[in-house]
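Trainee: I have a chain open on my screen and would like to go through it with you. Could we start with the surface and then work inwards?

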Amino acid sequence: MKLMTKIFTKQNTFLFLLVAMVLIAKLIPFKESYNQFFNLSGFIDWGIAGIFLLYGLKLNLKEVVKDVSNWKLHLLIQSGTFIIFPLLVLIFYPFVKDSQYYNIWLSVFFLASLPSTVSSSVVMVSIAKGNVTSAIFNASISGIIGIVMTPLLMSFFLTSNGEGGNQIEIIEQLLLKVLLPIILGILLNPVFKKWVTKYSSIIAEFDRLIILLIVYESFSSAFIENIFASVPSLVFVILVLSVVFLFFSVYEILNFLAKKMNFKPKEIITATFCGSKKSLVHGSLFLLVLGIPDEQKVLFLLPVMVYHSFQLFYVSWLANKIAKRMEITASQI
């Protein structure tokens, strides 16, 4: 019974549901003719705007302001998310730019350009006995920075290869679906703060619902158009190895730098956990906002899904291991 409880945690259940969406997309793909009964794309578009509106409503500005003074920790975490991650992938650009593996590289670079997670970063830092206040600050600020940094980093490659579509349209999508809802949410935060707190669990489920629908829609298109013929087993193996390499590289670099900067153990935990996370929420949403071609959406979604799954399973185990070590250390003092 205890084993079943450990397996079917809320986070793990979501991973199983992601797999289920892929299987349903294979068995019952959403065809264009189904839009006369239910406009899935339209619902997802409104859902994206809704997620960012709720993100603004949930943003605790007092917590953000309170933890600003710990700037060295924040700088290291955000550098890990938006500088170290992309640089590690950019190293391989000269080797793939004119090869058949360019789009695979670009999909991994998309992952590297994304902001950190919000909920799981805070939860994992809390389990590992890290600095939770700083985790909340960095998880919140990362999403805001990502609104600018993710499109900026991707624009160097999407536009140069003619794959980005109309840049003006992309900017409009970012403004309407991302930036405007967040600003509106922040403005309405004082009015709806109690409501958001009361129904936070339901709000979290809405986030997951939209992600699951994005996965279902993307994979439905892939199965209908037989896109997986262009994503052979070797490509999938390369993607898995790439994202695992990325995680451990960033984690160890941040761990090394945090120790060199003489951070306390709690701050080292926060730096390594928050700085090495990537957001499936933002990955799924930016996939639809950045003008990624339909035939490449699954390829871009795969690294994000693999990374998300790996970081949840591995970091959950790691957080519990660190927590036990911290308890033993504390008892010996």
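Trainee: Which helix gives the most to the nonpolar patch?
Mentor: Helix 10, residues 167-198, gives the most, with three residues; helices here are DSSP runs of H or I with at least four residues, strands are E runs of at least two, and both are numbered from the N terminus. Keep in mind that this is a predicted model, where local features need pLDDT of at least 70 and side-chain atom pairs count only at pLDDT 80 or more, while totals for chains, interfaces and linings use all residues. Residues are numbered from 1 along each chain as its sequence is written, and side-chain values use heavy atoms, with hydrogens and water left out.

Trainee: And which residues form that patch?
Mentor: Val-191, Phe-192, Trp-195, Tyr-199 and Ile-202 form it, with about 500 Å² of accessible area together. Patch members have over 30% relative accessible area and no salt bridge, nonpolar side chains (Val, Leu, Ile, Met, Phe, Trp, Tyr) being joined within 5 Å and like charges within 9 Å; a salt bridge is a Lys or Arg side-chain nitrogen within 4 Å of an Asp or Glu carboxyl oxygen. Areas come from the Shrake-Rupley method with a 1.4 Å probe, and for residues only the protein chains shown count as cover.

Trainee: Is Trp-195 buried, exposed or partly exposed?
Mentor: Trp-195, which lies in helix 10, counts as partly exposed because its relative accessible area is 41%, where buried means under 20%, exposed over 50% and partly exposed in between (1.4 Å probe, protein chains only).

Trainee: What does Leu-18 touch, then?
Mentor: Leaving out residues up to four places away in sequence, Leu-18 touches Ile-211, Leu-212, Val-215, Leu-280, Met-305 and His-308, a contact being heavy atoms within 4.5 Å.

Trainee: Where does Ser-276 lie?
Mentor: Ser-276 lies in the loop between helix 13 (265-275) and helix 14 (280-289), and it counts as buried because its relative accessibility is 1%. A polar atom of the Ser-276 side chain lies 2.5 Å from the backbone oxygen of Thr-272.

Methods: A polar contact is a pair of N or O atoms within 3.5 Å; within protein, one must be able to donate a hydrogen and the other to accept it, and residues adjacent in sequence count only if both atoms are side-chain atoms.
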